[in-house]
Amino acid sequence: MWRLCYTAVFLRQMKIIMKYVLRTAWLLGWLLLATGQSAQAENRLLSLGTGGVTGVYYPAGGAICRLVNLTRQQHGIRCAVESTRGSVANLERVRSGELDLGIAESYWLFHAYHGSERFQPAGSDTKLRTLLTLYPEYFTLLARSDSAIRSFDDLRGKRVSIGKPGSGQRATLETLLRKKGWRLADFSEALELEPAEQASALCDGRIDVMIYTVGHPSGATKEATRECGSRLVEVADDDVAAVVEQNPYYRWVSIPGGLYDGNPQDTRTFGMSAVFFASSELPEPAAYAIVKAVFEQFDRFRRLHPAFARLEPGHMVKGPYAAPLHPGAERYFRESGLLN
């Protein structure tokens, strides 16, 4: 048994060592290219961590990689998408060198950079860098049309889907509960449902309210509004205002009216951003080429997923940033006039 354990540990260590050997060789290649000592760029493969295949992170990563690969002849980069467990996993694996790029909620990117919350044991990862801000992720509260729930304060004593530990949904909910002085015990029942389970649980009457931190349009929200006439509920009271003011990774957002059946009015709430990030070890020419590939094919990018349809380039480069902007991204943004 001990031989098997030793072999597994040895193989894992060798995998990490080879990753760093390849990364070092790749960095040297970029240095040669940048100083004019290489006439042609060889293809360099970058791995991009996303999320589950049913979420928005996976198609977002696919869209980015597609645009990068379409312009591969210009910069020599190939981009490959990897389905992962989401934000926290992507941050951990970029730190370890297992991934080159990732997508994460601004909440978790901020805490990974500062070494707080669940990243406290590992310490701050000050090498994290923002490449660009993607779409907003809305703190979305849905109640059935026959419910008396009209605000977050109406949730006391109700059956609520709170999300899995480590999810952005759960972290944001717990932040708001702390501000209100509530505990999970203030709900009559707190269920840790998977995102894909929530709409059916709401329509079947197993929960009174569905809470989801997600980009819109969302398949789960469409299901809940179409199948059982669920209503979007505003989340914008004084406690929410304090949460937004005190945390740089939150911001005010509105879910557009008419996006879902039976919800013709805009619904004000708060949320965070999905952020495309890397490490400072990503060479500046590579970061420059990646963001250039996205913004110089921006109309095509917006057509690749409904969540991108309303994106504007100016909003995607604005701070404050959960982690500092990568110098390569900043150089492109300034050259293109997106940043002053």
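Me: Hello! Is Arg-170 buried or exposed, and at what relative accessible area?
Reply: Buried means under 20% relative accessible area, exposed over 50% and partly exposed in between, with a 1.4 Å probe and protein chains only. Arg-170 falls in the buried class, because its relative accessible area is 9%.

Me: Thanks! What kind of model is this, and which pLDDT do side-chain atom pairs need?
Reply: Residues are numbered from 1 along each chain as its sequence is written, and side-chain values use heavy atoms, leaving out hydrogens and water. This is a predicted model in which totals for chains, interfaces and linings use all residues, local features need pLDDT of at least 70, and side-chain atom pairs count only at pLDDT 80 or more.

Me: Which residue meets Arg-170 in a salt bridge?
Reply: A salt bridge here is a side-chain nitrogen of Lys or Arg within 4 Å of a carboxyl oxygen of Asp or Glu. Side chains of opposite charge can pair when their charged atoms come close. With N to O at 2.9 Å, the partner of Arg-170 is Glu-174.

Me: How far apart are the closest N and O atoms of Asp-299 and Arg-302?
Reply: Both residues lie in helix α11 (residues 298-302), three residues apart, about one turn of the helix. Arg-302 is partly exposed, because its relative accessibility is 22%. The closest N and O atoms of this salt bridge are separated by 3.3 Å.

Me: Which residues are linked with Lys-180 in a network of salt bridges?
Reply: The structure holds 18 salt bridges. In the network, Lys-180 is linked with Asp-153, Asp-237 and Asp-239.

Me: Where is the cis peptide bond that involves Pro-217, and what is its omega?
Reply: Pro-217 lies in the loop between β7 (209-214) and α8 (219-228). The cis bond joins His-216 to Pro-217, with an omega of about 5 degrees.

Me: What is the phi of Glu-117, which is not a glycine?
Reply: Glu-117 is found in the loop between α5 (106-114) and β4 (128-143). Glu-117 counts as partly exposed, because its relative accessible area is 37%. Although Glu-117 is not a glycine, its phi is positive, at about 55 degrees.

Terms used: Helices (H or I, at least four residues) and strands (E, at least two) are DSSP runs, numbered from the N terminus.
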